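Cut-offs are given where each term first comes up.

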Amino acid sequence: MTILLSMATVTVRSTYSLDVETVRRLEALAKRWETSKSGALRRAIRLASEDTRPTVNEKLAALDELQRLLALDERSAAEWCAEVRRERHGSSERRLSRLMP
């Protein structure tokens, strides 16, 4: 004798107002993923919540750390910017001189 036990999935019914374009996109996702609109919405929310891209604060913290490691203060940053501008200007002049007869 085999007894199968399974837990029921708890669902919560909610009402949301969506603009027409969002509903069209939701319907397209549901069709592509071969599921209902509710299933597509659950999957999209799950995927978005699992997004591991760094946040703005994490990006800024990484930049701060890089600047600290490079001892990049305001003066040295300004010198670096000036050097890059000179290099770009020189590169542009060379390129333009080849284009102009």
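## A pair in helix α1

R25 and E21 are 4 residues apart in helix α1, so about one helical turn separates them. Helices here are DSSP runs of H or I with at least four residues, strands are runs of E with at least two, and both are numbered from the N terminus. The side chains of R25 and E21 meet in a salt bridge, at 2.9 Å from N to O. The term salt bridge stands for a side-chain nitrogen of Lys or Arg within 4 Å of a carboxyl oxygen of Asp or Glu. An α-helix has 3.6 residues a turn, so residues three or four places apart point the same way.

R25 is exposed, with a relative accessible area of 56%, whereas E21 is partly exposed at 39%. Buried means under 20% relative accessible area, exposed means over 50%, and partly exposed is in between (1.4 Å probe, protein chains only).

## Model and conventions

The model is predicted: local features need pLDDT of at least 70, side-chain atom pairs count only at pLDDT 80 or more, and totals for chains, interfaces and linings use all residues. Residues are numbered from 1 along each chain as its sequence is written, and side-chain values use heavy atoms, with hydrogens and water left out.

## Overall make-up

The secondary structure comes to 4 helices and 0 strands, and the order of elements from the N terminus is α-α-α-α. Of the 101 residues in the protein, 6% are buried. Accessible areas come from the Shrake-Rupley method with a 1.4 Å probe; for residues, only the protein chains shown count as cover.

## Contact between α1 and α2

Which side chain meets that of E27 in a salt bridge? The partner is K37, at 3.7 Å from N to O. K37 lies in helix α2 and E27 in helix α1, so the pair ties together parts that are 10 residues apart in sequence. From C-alpha to C-alpha, E27 and K37 are 6.1 Å apart in space.

The loop between α1 and α2 contains E34. Although E34 is not a glycine, its phi is positive, at about 55°. Most residues other than glycine have a negative phi. E34 counts as exposed, at 74% relative accessibility.

## Positive patch

R32, R42, R43 and R46 gather in a patch of positive charge on the surface. Patches are made of residues with over 30% relative accessible area and no salt bridge; like charges are joined within 9 Å, and nonpolar side chains (Val, Leu, Ile, Met, Phe, Trp, Tyr) within 5 Å. Lys and Arg count as positive and Asp and Glu as negative, while His and the chain ends are not counted. The place of a charge is taken as NZ of Lys, CZ of Arg, CG of Asp or CD of Glu.

Helix α2, residues 37-49, gives the largest share of the positive patch, 3 residues. R32 lies in helix α1, which covers residues 20-32. At 60% relative accessibility, R32 counts as exposed.

Helix α3 has 14 residues and reaches 20 Å from its first C-alpha to its last, close to the 20 Å expected at 1.5 Å a residue. The expected span is 1.5 Å times one less than the number of residues in the helix. After α3 comes A71, which has a positive phi near 55°.

V56, L60, L63, L66, L70 and L72 make a nonpolar surface patch of about 550 Å². Among them, L63 lies in helix α3, residues 56-69, and counts as partly exposed at 41% relative accessibility.

Helix α3 also holds both R68 and E65, 3 residues apart, about one turn of the helix. The side chains of R68 and E65 meet in a salt bridge of 2.6 Å, N to O. R68 counts as exposed at 54% relative accessibility, and E65 is partly exposed with 35%.

## Salt-bridge total

How many salt bridges does the structure hold? The count is 5, including the bridge between R68 and E65.
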